Amino acid sequence: MSTYVPVMLDCKDRACIVIGGGQVAERKVKELLVGQASVTVISPSVTPALRHGHEQGELRWLSRKYAEGDLQGAFMVHAASDDPQVNENVAAEARARGILVNVADQPQLGNFIHPSVLRRGRLVISVSTSGAGPLAARAIRRRLEEDFGKEFEAYLDLLYDLRNGIKQQVSDPVTRQALLRKASDLRLADALHHGAARTWSMEEIQQWIKDNQEEWECGQS
Ligand SMILES: C[C@@]1(CC(=O)O)C2=NC(=C\c3[nH]c(c(CCC(=O)O)c3CC(=O)O)Cc3[nH]c(c(CC(=O)O)c3CCC(=O)O)/C=C3\N/C(=C\2)[C@@H](CCC(=O)O)[C@]3(C)CC(=O)O)/[C@H]1CCC(=O)O
Ligand SMILES: NC(=O)c1ccc[n+]([C@@H]2O[C@H](COP(=O)([O-])OP(=O)(O)OC[C@H]3O[C@@H](n4cnc5c(N)ncnc54)[C@H](O)[C@@H]3O)[C@@H](O)[C@H]2O)c1
């Protein structure tokens, strides 16, 4: 079994092809659409959700079987048909073209696999068992859902603004580092959980930076 390297891929507007239109293809397409990829499904039949996506213009569906040459110009392909020989052929074309390829039934023929994903806005927690047991990956992800609740979406939006504010307002590198550490303290997320998880105004963000900067500088003198 491979030891995989986890990465976060930017698929925005990239040509991503999915061969097959069943439940597995649907799941992979959903993740690609979250990443704003340009998705083409090639399959004689598709699930109602994929058909709906096609009708809404969210993805392209070519209603036919895979044919060699379909992968020309693609960034990534998913071989998710229920025909092992077709999936093998897709993997072979992808390898010859140097395209990223995921193979649903024979993962070892591809060069990446999907983790189970928990999203809370900007927070992405990916769980993989390296192929040992996808259902266990799902179960672990579900357990993490309890520890990382919806407040993390608001917290990461706040952290994004706080970091930008700190970088703009605080020039001393040591003070800046101290404030960045404080903003990254998960107690801030807990506070959002216990209080109302709401958006901070720019004034509140600037005030937080000012107060904490003063507190830090007082502690140093
Ligand atoms: C996490 C998740 C993400 C996703 O798909 O996006 C995912 N599989 C999920 C569900 C799921 N998969 C399977 C079942 C049926 C139950 C069962 O058999 O256990 C269910 C449940 C269902 O479908 O409901 C069967 C299965 N899966 C693979 C094979 C082939 C093999 O093992 O050789 C077979 C046998 C096929 C057969 O024999 O028919 C292979 C892979 N599945 C992976 C990912 C990759 C490894 C992930 C890891 O371990 O880190 C890897 C290697 C490649 C890949 O797909 O990228 C998603 C859960 C999402 C969530 O809910 O959170
Ligand atoms: N990796 C995973 O997470 C995972 C999970 C479950 C099953 N699987 C495996 O993934 C594969 C697909 O599973 P599914 O449940 O989506 O199957 P499914 O039967 O629901 O769908 C198969 C799809 O492949 C299409 N297809 C068949 N021949 C084709 C061809 N020549 N060109 C293009 N499309 C073609 C069919 O039209 C259909 O839409 C199976 O091999 C299954 O064993 C993988």
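Domain bounds, as I use them here, come from an automatic or database domain assignment. On that basis the protein chain is divided into domain 1 (15-114), domain 2 (115-148) and domain 3 (151-220). The centres of domain 1 and domain 2, taken over C-alpha atoms, are separated by 23 Å. Their contact takes four residues from domain 1 and four residues from domain 2, where two residues are in contact if their C-beta atoms, placed from the backbone, lie within 7 Å. On the side of domain 1 that touches domain 2 there are two nonpolar, one polar and one charged residues. In this classification Ala, Val, Leu, Ile, Met, Phe, Trp, Tyr, Cys and Pro count as nonpolar, Asp, Glu, Lys and Arg as charged, and the others, Gly among them, as polar.

A word on the source. This is a predicted model, in which local features need pLDDT of at least 70 and side-chain atom pairs count only at pLDDT 80 or more, while totals for chains, interfaces and linings use all residues. Residues are numbered from 1 along each chain as its sequence is written, and chains are lettered from A and ligands numbered from 1 in the order in which they are written.

Let me turn to the strands. Helices (H or I, at least four residues) and strands (E, at least two) are DSSP runs, numbered from the N terminus, and two strands pair if DSSP finds at least two bridges between them. Five strands make up an open sheet with parallel pairing, in the order β3-β2-β1-β4-β5. At its edges are β3 (60-62) and β5 (100-103), each of which pairs on one side only. From one strand to the next the twist averages 15°. Within the sheet, β1 (residues 15-19) and β4 (residues 76-79) run parallel and are joined by four bridges; Ile17 stands opposite Val77 in β4.

A second pairing involves β6 (residues 116-120) and β7 (residues 123-127), which run antiparallel and are joined by five bridges. Leu118 has Ile125 in β7 as its bridge partner. These two strands, β6 and β7, form a hairpin with two residues between them, and Gly121 in the turn has a positive phi of about 60°.

Next, the ligands. A residue is near a molecule if its C-beta atom, placed from the backbone, lies within 6 Å of it. Ligand 1 is surrounded by 21 residues, the closest being His114, Ser116, Ser128, Thr129 and Pro134. The shell around ligand 1 holds eight nonpolar, eight polar and five charged residues. Domain 1 and domain 2 each supply at least three residues to the shell around ligand 1.

Around ligand 2 there are 22 residues, of which Gly20, Gly22, Val24, Ala104 and Asp105 come nearest. Helix α1 provides the largest share of this shell, three residues. By class, the shell around ligand 2 has eleven nonpolar, seven polar and four charged residues.

I close with a helix pair. How do α5 and α6 lie relative to each other? Helix α5 (residues 151-169) and helix α6 (residues 173-183) pack at an angle of about 175°, with axes 10 Å apart. Axes are lines fitted to C-alpha atoms, for helices over the stretch in contact, and angles run from 0 to 180 degrees between N-to-C directions. Angles over 145 degrees count as roughly antiparallel, and α5 and α6 are therefore roughly antiparallel to each other. Leu159, Leu162, Arg163 and Ile166 in α5 meet Arg176, Leu179, Leu180 and Ala183 in α6. This contact has six nonpolar, no polar and two charged residues.

Note on methods: Angles under 35 degrees count as roughly parallel, over 145 as roughly antiparallel, 65 to 115 as roughly perpendicular and the rest as oblique.
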